[in-house]
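Please look over the model shown below before reading on.

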Amino acid sequence: IGFHGEETEDVVGTSNSLWIVDPIDGTSSFVHGLPYCMNMAALVDDNEIVASVLYDFVNDELFTAKKGQGAFKNDKPISIADEPLDNSIVFSGSHAYKNIYPLLQPHGIGMFAPIGASGYEFSRLAQGNIQGVTKLHSRSQIHDNAPGMLLVREAGGVIVPFSQNQHEYEMGQFVACTPKLAEVFEAERAAITSTL
């Protein structure tokens, strides 16, 4: 099985299967003693994310997902909360929130500035605390995104692409969200794309 970690520049191994590992997602938060950090890993097989693990070691919460088998927190099923738009909250995974917030404001959607940890954001979406995570104008890479993308999808969420990559796990510009929010992001696609 191949291996790609945050600290490794290239993929090690030649198999069709690949582990993508982020030993400490949210390193800056970790260094500053903030609780927005996790250990994360995703297994990619034939270019599809088939399993993921996100461990919130601060709160001892283990999030897992297998393709087609649902999302779990400490072995209990979790799912997104498809709230009405005016009761929805989006975490912005980058400073693009300054450009995107005016597009969401007419719908009454709340938006929070970056908190510095993709895994924390994805896990909050998957368990229903928030309704969206933007990865637009983001410096996040595959080790930041792949584990959370599967977790969100298996919890009933949607990945709205804003960049074209051959494989989803390599996508650099996207929004992970509830189906209701996906409709808003699709309707605002042209305006959002113009800010990228």
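## Burial and overall form

Of the 196 residues of the protein, 47% count as buried, where buried means under 20% relative accessible area, exposed means over 50% and partly exposed lies in between, with a 1.4 Å probe and protein chains only. This is a predicted model, in which local features need pLDDT of at least 70 and side-chain atom pairs count only at pLDDT 80 or more, while totals for chains, interfaces and linings use all residues. Residues are numbered from 1 along each chain as its sequence is written, and side-chain values use heavy atoms, with hydrogens and water left out.

The secondary structure comprises six helices and twelve strands, taken as DSSP runs numbered from the N terminus (helices are H or I with at least four residues, strands E with at least two). The radius of gyration of the protein is 16 Å, close to the 16 Å that the globule rule gives for 196 residues, so the protein is as compact as a globular protein of that length; the radius is taken over C-alpha atoms, and the rule is 2.2 Å times the number of residues to the power 0.38. Along its principal axes, the C-alpha trace spans about 50 × 35 × 35 Å.

Among the contacts with a separation of 6 or more, 53% join residues 24 or more positions apart, a contact being heavy atoms within 4.5 Å.

## Surface and charge

The protein exposes about 9,200 Å², of which carbon and sulfur atoms supply 51%, with areas from the Shrake-Rupley method and a 1.4 Å probe. There are 11 positive and 24 negative side chains, and the centres of the two sets lie 5 Å apart. Lys and Arg count as positive and Asp and Glu as negative, with His and the chain ends not counted; each charge is placed at NZ of Lys, CZ of Arg, CG of Asp or CD of Glu.

## Cysteines and positive phi

The structure holds zero disulfides, a disulfide being a pair of cysteine sulfur atoms within 2.5 Å. C37 is buried, and C177 is buried as well.

Most residues other than glycine have a negative phi. N47, in the loop between β3 (38-45) and β4 (48-56), has a positive phi near 65°. D75, in the loop between β6 (71-73) and β7 (76-78), has a positive phi of about 70° although it is not a glycine.

| Residue | Relative accessible area |
|---|---|
| C37 | 2%, buried |
| C177 | 0%, buried |
| N47 | 37%, partly exposed |
| D75 | 69%, exposed |
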